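Okay, everyone, thanks for coming. Let me put the structure up and then walk you through a couple of spots.

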Amino acid sequence: MPDFLLNYYHAMWPFFGAFIYRYPSRKLKLIGITGTNGKTTSVHIASHILEKAGFKVASISSLRFKIREHEWPNKLKMTMPGRMKLQKFLHRALKAGCDYAIIEVTSEGIKQNRHLFLKFDTAVFTNLTPEHIESHGSFEKYKETKGRFFTLPHRSSVVNIDDKYGEYFLDFSAREKIAYTLVEQLEENKENINTTILAENARANVSGISFNLEGREFQLPMLGKFNIYNTLAAIGIAASQGISFEKIHEALSDFSGVSGRLEVVINDPFTVIVDYAHTPDALEKAYKAVVDLKKEGSRVIGVLGAAGGGRDKWKRPELGKLAAKYCDEIILTDEDPYSEDPASILSDIEAGFTGNINYEKIIDRRKAVAKALKKAQNNDIVIITGKGAEPLMITAKGPIDWDDRQIVKEEYNKIHD
């Protein structure tokens, strides 16, 4: 089918969805978060703040669907639902009395026009690094696709100004522009910004992250300095809705983190961490956070794979290169092979290895996790990446139920019973 006909086809579904469900986004305050990494965490933190502030909230992330107290796992393997599912979800949220809906807005979703016929109050940009390059044709086209979301009429923009491409997203029209940052801004940026959220004294350690904002110290039990940026995105959303920093600080005092995002599953006698990282940028940030936790003489054992189905083959050797740089031992394994030959995927990752690398390949992911746990000694850190808290693995035989965290616990108990 020619591209222009395909575009009409994809645009037809959100139109019919909006029409059938009576344009629910016009009666909700809809917040969309785009960027390469950090979307899910920002959705969860922002939802928590708004709920604590007394609002009724619905949200969609790669992990879950949530309408007020009702929550269920996202088993679509699709962060931004297609067809009429998104409009149907918003209709349900409206019927449940929700004030807000917060969703992830993906480049693939934008490319397939799933963002059309939605009325956004706030558009959020987290960061931009290479992803879906084969699908979009180039990084520039990937960036422009993300930008198409910001061309939709919206009241408020919330932008990570520390990102290389922050200015690009700030340039799109909005009545209110909020920038978040860890560094003082240059004077020339200020005329394009209504509010700057500046986090000072940013710190990340084994206990979590902390920073100072508007005279208050924020502390959250999440690993990795990058999670400060995800928290600031959520704070920017709350600020755009008129929630005071006092209420934001109070709301975040009991936030417990996001499942499968640098989640510590076992912490004694060694540490096992599960993370969703599946892009080079996200993987490096996760590895850096883990390396910072190392004790003298301990090792980092990495378990990783890459998605199949022809997805972003360019990044496979890059993932291998990063694993070799930060891990003392590596086990390559399945992630979501789809219909692609798993051995071929692992060979592509292996191509990023140079020099004398201590690694092995175990295609069966459960066996790979078990082997890593058997290798681990006191104070070592095992980091298992690529799936986080995803509830499914997609194989040539179809989807199978999966949860890295549960697999870790089951295999650990076999060893230590």
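This is a predicted model: local features need pLDDT of at least 70, side-chain atom pairs count only at pLDDT 80 or more; totals for chains, interfaces and linings use all residues.

Residues are numbered from 1 along each chain as its sequence is written, and side-chain values use heavy atoms, leaving out hydrogens and water.

So, the sheet. We've got three strands, open, in the order β10-β11-β12, paired antiparallel. Strands here are DSSP runs of E, at least two residues, helices are runs of H or I, at least four, and both are numbered from the N terminus. Pairing takes at least two DSSP bridges between two strands. β10 (200–205) and β12 (216–220) each have a single partner strand, so one side of each has no neighbour in the sheet. Between β11 (residues 208–213) and β12 there are five bridges, and S210 has Q219 in β12 as its bridge partner.

Now the helices, α14 (residues 365–375) and α15 (residues 404–416). Their axes, lines fitted to C-alpha atoms over the stretch in contact, come within 9 Å and cross at roughly 55 degrees. Angles run from 0 to 180 degrees between N-to-C directions. Who touches whom? On α14, R365 and L373 are among the residues that meet α15, whose side includes D404 and Y412; contact means heavy atoms within 4.5 Å.
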